[in-house]
Amino acid sequence: MVSEKIAQLINEQIAHEQYAAQYYLSMSAWFSAKDLDGIANYFRVQSKEELMHADKMFDYLNDVGGEIILGEIAKPPHQFESATDIFEKALEHEKKVTRSIFNIVKNANDEGDFATTSFLQWFINEQVEEEASASQYVTKIKMVCDNPSALYLFDQELAKRVFVADPTA
């Protein structure tokens, strides 16, 4: 059985993941409006992954007998300054998610909740990958944003990304 405190933190994380899905969908819409459908695709896939993360946490909380209380999801911004601004905001957001997950792990460790700590290891590994990827894309968009040919190739690169559901989710 999970403690009320850990259940609350996981419920909050579910809301964070759902917000992230909306945030990335908003970013996708911005790129779609600019006819950069490949980059839009990248953020659509990001959105789906965040929903999968929320589902995974939902299922875990249910499995350990925690009360699921869905929180309010704030409206994400829809206006951005530039492509670079969006990728920088995406990286900043991933860092925020990482800090939030680390907070749950810290609290679970403090309580000796090894099941939750073990469960969250997948998310820690995922966040390492997400931050590294987001950081690389910030670097790339800064290199290509003023070069239409390079931007076209970057857009084509991101068009290849597909959503793959985690079989354990």
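Let me start with the largest pocket, which is lined by 13 residues, and among these Glu-49, Glu-126, Glu-129, Glu-130 and Arg-161 are the ones that lie nearest its centre. Please keep in mind throughout that what we are looking at is a predicted model.

The volume of this largest pocket comes to about 190 Å³. If we sort its lining residues by class, we find six charged, five nonpolar and two polar. Which helix supplies the largest share of that lining? It is α4, from which six residues come, and if you follow the chain you will see that α2, residues 37-63, and α4, residues 114-144, each contribute at least two residues to the lining.

Now let me turn to another pair of helices, namely α1, which spans residues 4-33, and α3, which spans residues 83-111; their axes come within 11 Å of each other and cross at roughly 170 degrees. Because angles over 145 degrees count as roughly antiparallel, α1 is described as roughly antiparallel to α3. Where these two helices meet, the contact has 18 nonpolar residues, together with six polar and five charged ones.

Finally, a word on how the chain is annotated and built over a longer stretch. An unreviewed UniProt entry carries the annotation "domain: Ferritin-like diiron", and that annotation covers residues 1-145.

Conventions. Residues are numbered from 1 along each chain as its sequence is written. This is a predicted model: local features need pLDDT of at least 70, side-chain atom pairs count only at pLDDT 80 or more; totals for chains, interfaces and linings use all residues. Side-chain values use heavy atoms; hydrogens and water are left out. Axes are lines fitted to C-alpha atoms, for helices over the stretch in contact, and angles run from 0 to 180 degrees between N-to-C directions. Helices (H or I, at least four residues) and strands (E, at least two) are DSSP runs, numbered from the N terminus. Angles under 35 degrees count as roughly parallel, over 145 as roughly antiparallel, 65 to 115 as roughly perpendicular and the rest as oblique. Ala, Val, Leu, Ile, Met, Phe, Trp, Tyr, Cys and Pro count as nonpolar, Asp, Glu, Lys and Arg as charged, and the others, Gly among them, as polar. UniProt positions are given in the numbering used here, feature names are shortened, and annotations may be inferred rather than shown by experiment. On a 1 Å grid over the protein atoms alone, a cavity is a set of points where a 1.4 Å probe fits but cannot get out, and a pocket is an open set with protein on both sides within 12 Å along at least five of seven lines; lining residues have an atom within 4 Å of a point. Grid points are joined across faces, edges and corners, and a volume is the space filled by probe spheres set on the points.
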